[in-house]
Structures are given as C-alpha cells and as structure tokens.
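Here is a short report on how two chains pack.

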Amino acid sequence: MADDEQTTAAIPIGAEPMRREPMGTTGAVAICTAGWLVPGLAHILLRRWARGVVFAVAILAMFWLGLEMEGRLYGAIPEQPLHTFAFIANAGTGLAYVLARVLGYGVGVLSSPNYDYGSTYLWVAGLLNYLVMLDAFDIARGRKE
Amino acid sequence: MSHFTALLVFALIVSTVFAGINKPTLGEQLKYGIFVFISFLAVALVVGWIMYPFPF
C-alpha cells in the first residue's frame, strides 16, 4: 500500500500509466532501437506519452535547426578516424540522419557564420537521443519509473 | 539566427531533455530544467567574458 502511494507520487509529466512488469533484455533493446530510429518513440511505446512527445519535438527541432544553420552531417570515413566520433554523434538521430543524408542535406557550408553552431546542434541532437534511449532502456527494465 | 539566440535555443532544448530524463515529476522537472537552463547561460556568459581579452 505504502509502495503504491510512493509510485503514484512519482508519476512523470501528466497522468502517464506505469508499466509494472520489467521487460526482458531483448524487448528493452527492441524498444531502444525504435527510439534510436525515431527520437521519443521508445518512451511513447512505454506509454510515457508526454515525455516521448517532448523528447521527439526537442531532438528533431535541434536536428532541423542544425541543418538550417548549414551544419555538417558526418559519414563514416575510414581514412579520417577522427570523423568517426562526429559520425557516431550524428547517427544518434536515426532515420532523420539517414533521410537527411539521402536527400543531400547536411553538406556543411564552411563559409556560413553559423556552420560551427549548426554542426554542434547536429551532434548534440544525436547525443541527446542516445541519452533518451538509455533512459528508455532503464524504464523498460524496471529500473526507473 | 544570432549566436546568442543559438545559445538560448541550445540551452532550452538541452535543459528540457535533461529535465525529462533526470526528474520524475513535472514540478521537479520544471525546477531542474530552469536550473540547468540558467546554468548554461551563466557559464556561457562568464566564460565569454573571461575569454574576451584573449587575442586568439
């Protein structure tokens, strides 16, 4: 009873229902993969609707602003190993990264005054999504509410 | 977008995500988010002023 009251008091944004049974590792990884492909989707699948929508809007807005500021999306180039870190950060936005690359966005305009800011936005959008994925993993495994 | 606006938007988005990840209730999220947002701005302004006299 006391445990129920504590759990209810810790409900995140809005009246979001709790998942009582922790998922197995496979399920949690599948949820995280969905969250990697579409930022916020993992939380939505875990019924943390409000948080999922907030994360999706925040991360995709940051990604879009990075492209608008003519930042660069890095690819995996074996000859330039230092670019690997930038690639890993960029790839965190999942499908948005793939779509932007396929459609030719994120070329990066070095002469633009916002180039560095744009590239940083693009990196941080991906890195934030990795954090959101880890949060979703913990929720799915029952370590967090 | 001016660089200061870029800083404001960056701080707003990152503090929103940090608050959502780190705090469970809406009240705590708001408090923590505002704290992180103000911290971002304060640190950026202080570091900016410290770096101001540097010629590089």
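## The helix pair

A:Arg51, A:Val54, A:Phe55, A:Ala58, A:Ala61, A:Met62 and A:Leu65 in H4(A) meet B:Val9, B:Ile13, B:Thr16, B:Val17 and B:Gly20 in H1(B). Contact requires C-beta atoms, placed from the backbone, within 7 Å. These residues divide into 9 nonpolar, 2 polar and 1 charged. Nonpolar means Ala, Val, Leu, Ile, Met, Phe, Trp, Tyr, Cys and Pro; charged means Asp, Glu, Lys and Arg; the others, Gly among them, are polar.

The model is predicted: local features need pLDDT of at least 70, side-chain atom pairs 80 or more, while totals for chains, interfaces and linings use all residues. Residues are numbered from 1 along each chain as its sequence is written, and chains are lettered from A and ligands numbered from 1 in the order written.

## Packing geometry

H4(A) and H1(B), residues 3-22, pack at about 150°, with axes 10 Å apart. Axes are lines fitted to C-alpha atoms over the stretch in contact, and angles run from 0 to 180 degrees between N-to-C directions. The two helices are therefore roughly antiparallel (angle over 145 degrees). Their crossing is left-handed (near helix turned anticlockwise from the far one by less than a right angle).

## The wider contact

Chain A gives 20 residues and chain B 15. On chain A, H4 (49-68) and H7 (115-140) each supply at least two. Helices are DSSP runs (H or I, at least four residues), strands likewise (E, at least two), numbered from the N terminus. Chain A's side holds 16 nonpolar, 1 polar and 3 charged residues.

## Chain B

Chain B has 2 helices and 0 strands. Its C-alpha trace spans about 45 × 20 × 15 Å along the principal axes.

Note on methods: Contact = placed C-beta atoms within 7 Å. Parallel < 35°, antiparallel > 145°, perpendicular 65-115°, else oblique.
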